[in-house]
Amino acid sequence: MTDEPTKAKPKRVNLENIYQITQIIAFVAIIASLFAIYSQINQQNQISRFNATRDILNQYNSLNSLLISDGSLRKTVFKETPLSIDEQRQLYSYASSRANIWASAQWAYDTGQIAEADYQAIAIDVREEMKASTNLADTYVTYINNYTGTNELEIFQAVRDYRAQRDAEIEPNDERSQE
């Protein structure tokens, strides 16, 4: 016997080893691709939320600009005495545009397109609009009565509350007049 250490035989790379290495590389590539897709979807969702918020704010800006620049509309919106037929139409047109923005905001919030803080700010706007004038509040009631699907939307709670209060005040008066 010789005292020479035995030399390790070099391992040969066989087809099975190559196959296993390519499987690992493919797995890493799939994971990296999934991460990239997730990042793209996340970025697209952020862009969609931004666009939805911007669109709603632009609609508000347009209506507010109209209210500021159109003295006739402004007088009609805040008028507390009975309205003429033309004023009623003008007010309904304004109110329905505003209410459509609110319904859009509700949908955008329900689908995660706008943040809760933005939605809450719009809900405050609804409550404040209901205090602006009786004619305007009554017009919003007409709107939700005409479009029954909007009646159930959470954003219109202040309108429903106003309607219930108004109807409760009308009923006792009706009963007294019948006596």
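Predicted model: local features only at pLDDT ≥ 70, side-chain atom pairs only at ≥ 80, totals over all residues.

Q: Why is Thr53 called buried?

A: Buried means under 20% relative accessible area, exposed over 50%, and partly exposed in between (1.4 Å probe, protein chains only). Thr53 has a relative accessibility of 18%, so Thr53 counts as buried. Thr53 lies in helix H1. Of the 179 residues of the chain, 27% count as buried.

Q: Why is Leu66 called partly exposed?

A: The relative accessible area of Leu66 is 39%, and therefore Leu66 is partly exposed. Leu66 belongs to helix H1, residues 15-69.

Q: Is Pro82 buried or exposed, and what makes it so?

A: Pro82 has a relative accessible area of 70%, so Pro82 is exposed. Pro82 sits in the loop between H2 and H3. The C-alpha atoms of Pro82 and Thr134 are separated by 9.8 Å, and the two residues are 52 residues apart along the chain.

Q: How many helices and strands does the chain have, and what makes a stretch count as one?

A: Helices (H or I, at least four residues) and strands (E, at least two) are DSSP runs, numbered from the N terminus. By that rule the chain has 7 helices and 0 strands. Along the sequence the pattern reads α-α-α-α-α-α-α.

Q: Why are H1 and H3 called roughly antiparallel?

A: Axes are lines fitted to C-alpha atoms, for helices over the stretch in contact, and angles run from 0 to 180 degrees between N-to-C directions. Angles under 35 degrees count as roughly parallel, over 145 as roughly antiparallel, 65 to 115 as roughly perpendicular and the rest as oblique. H1 and helix H3 (residues 85-110) pack at about 165°, with axes 10 Å apart. H1 and H3 are therefore roughly antiparallel to each other. On the H1 side the contact includes Ile56, Tyr60 and Leu63, and on the H3 side Tyr94, Ile101 and Trp102 are among the residues.

Q: What is the make-up by class of the contact of H1 with H3?

A: Ala, Val, Leu, Ile, Met, Phe, Trp, Tyr, Cys and Pro count as nonpolar, Asp, Glu, Lys and Arg as charged, and the others, Gly among them, as polar. The contact of H1 with H3 has 9 nonpolar, 4 polar and 1 charged residues.

Q: Why are H1 and H2 called roughly perpendicular?

A: H1 and helix H2 (residues 71-78) pack at an angle of about 100°, and their axes are 5 Å apart. H1 and H2 are therefore roughly perpendicular to each other. Leu66, Leu67, Ile68 and Ser69 of H1 meet Gly71, Leu73, Arg74, Val77 and Phe78 of H2. The classes in this contact of H1 with H2 are 6 nonpolar, 2 polar and 1 charged.

Q: How do you know that H2 is roughly perpendicular to H3?

A: The axes of H2 and H3 cross at roughly 90° and come within 9 Å. That makes H2 roughly perpendicular to H3. In H2, Ser72, Leu73, Thr76 and Val77 meet Glu87, Gln90, Leu91 and Tyr94 in H3. The contact of H2 with H3 divides into 4 nonpolar, 3 polar and 1 charged residues.

Conventions: Residues numbered from 1 in each chain as written. Heavy atoms only, no water. Contact = heavy atoms within 4.5 Å.
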